[in-house]
Amino acid sequence: MSAVNNIIYQSVVYLAPVLLCVLGGIFAYKANVLNIALEGMMMAGAFVSMLIANLTGSVPAGYLSAFAACLLLGLVFSLMGVTLKGNVIVIGLAINMLVPATAGFIMKIMSVPSITLQGFSTNSIVLNIPGVEHIPVLGPILSGHPPITYVAYLMIAVMSVLMYRTRFGVHVRVVGENEDTAISLGLKTDLYKIAAILIGAGCCALAGINLALERLSLYTNNMTAGRGFIAIAAIYCGRGRPLPCALYAVLFSLANALAEYFSLQVSASLLLKVVPYAHGRVHRQPAQGARARRVRGELTKGERFI
């Protein structure tokens, strides 16, 4: 049972940053903005939180500075991609390359290979739930995690309500589905896109803080290890719906935990690590196109049987 507990615990450790990026990124997805800068924003949250906490000796300052840095990157992405109508893919890639380059340059100036926080123990902020931590399967899921991990769980419900039970969520979805209709209704589409991007930036700040400051008290360059891109894969697999996207994040995190557990079996480990990228729905695309043409009465003879 210890092996099962270890796998579950590692999957939860991996899940929290991915889940936060997923839940933040679904709003940009619903607003029809491809935010591939999730990776860079999460890395910025991790780096800035550790850097400021290290320089000031204040963990709250690290939290606040990480939020400020990620929101700044979100504003830059919004300005160039939404206001100035630039190519969001190029802008996102630029952010993803700029953040680790800047972090590496600063650490080079500091003459350190990584940033650590002296005198701070991650165990001091771990929440152990009495009577739960020793339960064989539920214990590693429900107990022994830092606060932001529990925030990530709560965000599933919060983002679902925000997207489907508020006027803001309805307007974001209208903007993404048909921008011309949204404009005709008097909606300021650019503002909704910017707001969606900033929600994702704030969630990426939480993900970076959880990964670097809360879990490891350590920052090394590129420590996000593609979690932002895995979040994008989960968003597309779940089609921007909070609960299905969260379930895909759980699936990918479990695959990563199994890959780590079977790391001695190289082939099995590598196969499990490609699960987020291999999972797709390409085979459904022709059927979707056929359904669209069925509405217009443009089906060919062979497509009528799809």
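How many cavities of 30 Å³ or more does the count come to by the rule applied here? In this predicted model, the count comes to one cavity of 30 Å³ or more, and the largest cavity holds about 60 Å³ of space. The points below take up the lining of this cavity and then Asn35, which is one of its lining residues.

**Lining of the cavity**

- The residues that line the largest cavity are Gly25, Tyr29, Val33, Leu34, Asn35, Leu38, Ile232, Ile235 and Tyr236.
- At least two residues of this lining are supplied by helix 1 (2–30), and at least two by helix 10 (227–237), with helix 10 giving the largest share, which is three residues.
- By residue class, the lining of the largest cavity consists of seven nonpolar and two polar residues, while no charged residue takes part.

- Asn35 is placed in the loop between helix 1 and helix 2 (38–56).
- Asn35 counts as buried because its relative accessible area of 5% falls under the 20% cut-off that is used for that class.
- A polar atom of the Asn35 side chain lies 3.1 Å from the backbone nitrogen of Ala37.
- When neighbours within four places in sequence are left aside, Asn35 is in contact with Ala28, Met41, Phe77, Ile197 and Ile232; of these contact partners, Ile232 is also named among the residues that line the largest cavity.

Notes:
Residues numbered from 1 in each chain as written. Predicted model: local features only at pLDDT ≥ 70, side-chain atom pairs only at ≥ 80, totals over all residues. Heavy atoms only, no water. 1 Å grid on protein atoms, 1.4 Å probe; cavity = no way out; pocket = protein on both sides within 12 Å on 5 of 7 lines; lining within 4 Å. Points joined across faces, edges and corners; volume = space filled by probe spheres on them. Helix = DSSP H or I, 4+ residues; strand = E, 2+ residues; numbered from the N terminus. Nonpolar A, V, L, I, M, F, W, Y, C, P; charged D, E, K, R; others polar. Buried < 20%, exposed > 50% of the residue type's maximum accessible area, 1.4 Å probe, protein only. Polar contact = N/O pair within 3.5 Å; in protein donor to acceptor, adjacent residues only side chain to side chain. Contact = heavy atoms within 4.5 Å.
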